[in-house]
Amino acid sequence: MTSTPSDFAKALHAKRRKRRRGLWVILASGILAVLLAGIATWLVWFSSAFAATEVRINGVSLLTEQQVTDAADVKLGGPLATQDVDAIRNRIAALAPVAEARVERRFPHTIEITITERTLAYVWMDEGVARWVDADGVVFHEGGEAGQGTVKASIAAPEQRILKDVATVVFAVAPVLGERITLLQASAVDRIEIQLSDGDTIVWGSAEQSQVKAQVLSVLLSQEASVYDVSAPHAPTTR
């Protein structure tokens, strides 16, 4: 079949018209995508459709949910997306019992806060007040029952270093002595002693080489004595 110039012109015109329709479809799709993105941005960041209306607290034991909520100071009613989770987390981290805090947005309406509280290393008895101390020497709670087997300590000069040193000693010696520990006394960083329930005394010295001292003590306890001195672990003595 032979094509005439008229047929060729019609085909060319149809091809151009189809191309123009394709361009219009692409342009319309682009405009629609921008419009939808704008609507979504407005809904999420500026409208009340995804407003923060709830604060959910997980992981508290020493703290109450209200204490965490008050510290978090979440501005309810504003868009969830605009909540400054870093600032919220920093405010919560200022609470003494908090070791770690995670703050997350849970769409459509919730700020979720998950708390990891500090772990008790020992109780520092301060003029009759039981102060809870963690492995870093941070005092994070006062009063309450600490649980059976918790080591109690008397500390003459409760500076950060000695509070942490006592924790180091507790973690080293507790597996060896268990509930035989009546009181751990620290009159200085290099003058730490342990009183046992049978009246015996462990002279520990400083917190340095605590793991070595614990190993030496476990052997030394086989000897009959009232004082076990592991302050110099490579030359321990008894009397």
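## A buried aromatic pair

Tryptophan 132 and phenylalanine 140 are both buried. This is a predicted model, and the values here are computed from it.

The model contains two aromatic pairs. One of them joins phenylalanine 50 and phenylalanine 107: the ring centres are 6.1 Å apart and the planes meet at 75 degrees, so this pair is edge-to-face. Phenylalanine 50 belongs to the loop between helix H1 (5-45) and strand S1 (54-58), while phenylalanine 107 belongs to the loop between strand S2 (98-106) and strand S3 (110-117); the pair therefore ties together parts that are 57 residues apart in sequence.

## Exposure of the rings

Phenylalanine 50 has a relative accessible area of 26% and is partly exposed. Phenylalanine 107 is also partly exposed, at 47% relative accessibility. In the pair of tryptophan 132 and phenylalanine 140, the centres lie 6.2 Å apart with the planes at 85 degrees, so that pair is edge-to-face. Both of these residues are buried.

A charge on a ring is found at tryptophan 124: the charged end of arginine 131 sits over the ring, 5.8 Å from its centre.

## The nine-stranded sheet

An open sheet is built from nine strands with mixed pairing, in the order S6-S5-S4-S7-S8-S9-S10-S11-S12. Its edges are strand S6 (139-142) and strand S12 (237-238); each has a single partner strand, so one side of each is left without a neighbour in the sheet.

## The chain as a whole

The protein chain has five helices and twelve strands. It consists of 239 residues, 33% of which count as buried. Its accessible surface comes to about 14300 Å², and carbon and sulfur atoms account for 55% of that area.

Of the contacts between residues at least 6 apart in sequence, 47% join residues at least 24 apart.

Technical notes. Residues are numbered from 1 along each chain as its sequence is written. This is a predicted model: local features need pLDDT of at least 70, side-chain atom pairs count only at pLDDT 80 or more; totals for chains, interfaces and linings use all residues. Side-chain values use heavy atoms; hydrogens and water are left out. Rings of Phe, Tyr and Trp (its six-membered ring) pair if their centres lie within 6.5 Å; planes under 30 degrees apart count as stacked, over 60 as edge-to-face and the rest as tilted. Helices (H or I, at least four residues) and strands (E, at least two) are DSSP runs, numbered from the N terminus. Buried means under 20% relative accessible area, exposed over 50%, partly exposed in between (1.4 Å probe, protein chains only). A charge sits over a ring if NZ of Lys or CZ of Arg is within 6 Å of the ring centre and within 35 degrees of the ring normal. Two strands pair if DSSP finds at least two bridges between them. Contact means heavy atoms within 4.5 Å. Accessible areas come from the Shrake-Rupley method with a 1.4 Å probe; for residues, only the protein chains shown count as cover.
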